[in-house]
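My entries follow in the order in which I made them.

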Amino acid sequence: MSMFRPGFLVIALAIGWAVSVHGQQHPNLGRPLTPEEVKKIDITVATDGTGLPPGSGSVSAGAVVYGQKCQSCHGAEGSGKPQDQLTGGVGTLASAKPVKTPVSYWSSATTIFDYVRRSMPITAPQSLTNDEAYAVTAYILSIDGVVPKDAVLDAKSLPRVKMPNKDGFVRWWPAPQR
């Protein structure tokens, strides 16, 4: 009877492969980011307003920026076509035909700001200044009357905006201790 067992050989080869692969050095690609580089890309804004940058924007300034950089995709006053509708739908979520827009569905105005600043316009993401992002957010919120037509939004006022669906989400985990 032979001492050779195929299963033993497979295990020995796997262990040898793992040791050789994991014992090698990494390929030295890239480098750690500097604190300045991290700050530039760490632009997340929390729903409570943490992370909002300096700046401000009025509804009237937002109407101008929207007309120049947003309307061709999102239609007049956020009505949609060819891209998503941004306004309307308030009060329809419990109906047979809900209209989910940022204004009707999202529970936080800071989420609109974060998305606009991070992703819009689609052809040049992150090209809007902070003032332009605040202004476009103010304009979008004003169309459905969430903020008044003379509103000016900034890091202090934006988190206080009460969205129509603010209480429409269920928290499945406890609020973090602050």
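**Salt bridges**

I used the term for a side-chain nitrogen of Lys or Arg within 4 Å of a carboxyl oxygen of Asp or Glu. The model is predicted, and local features need pLDDT of at least 70, side-chain atom pairs count only at pLDDT 80 or more, and totals for chains, interfaces and linings use all residues. Residues are numbered from 1 along each chain as its sequence is written, and side-chain values use heavy atoms, with hydrogens and water left out.

I found both arginine 118 and aspartate 114 in helix α6, 4 residues apart, about one turn of the helix. Helices (H or I, at least four residues) and strands (E, at least two) are DSSP runs, numbered from the N terminus. Aspartate 114 is buried at 13% relative accessible area, whereas arginine 118, at 28%, is partly exposed. Here buried means under 20% relative accessible area, exposed over 50%, and partly exposed in between (1.4 Å probe, protein chains only).

By this rule I noted a count of 4 salt bridges. Another of them joins the side chains of lysine 69 and glutamate 132 at 3.3 Å, N to O. Lysine 69 belongs to helix α3 and glutamate 132 to helix α7, so this pair ties together parts 63 residues apart in sequence. I recorded lysine 69 as partly exposed at 31% relative accessibility and glutamate 132 as buried at 18%.

I also looked up glutamate 37 and arginine 31, whose side chains form a salt bridge at 2.6 Å, N to O. Glutamate 37 is partly exposed at 27% relative accessibility; arginine 31 is exposed at 53%.

**Helix α7**

I then turned to α7, residues 130–143. Is α7 largely enclosed by the rest of the structure, or largely open? Of its 14 residues, 11 are buried, so α7 is largely enclosed. Among those buried are Tyr134, Val136, Ile140 and Leu141. I found the buried residues of α7 packed against β1 (56–58), α3 (59–69), α5 (102–105), α6 (109–119) and β2 (152–154), with contact taken as heavy atoms within 4.5 Å. Glycine 145, with a positive phi near 75°, follows α7.

Valine 38 is partly exposed, at 37% relative accessible area.

Key:
The expected span of a helix is 1.5 Å times one less than its number of residues.
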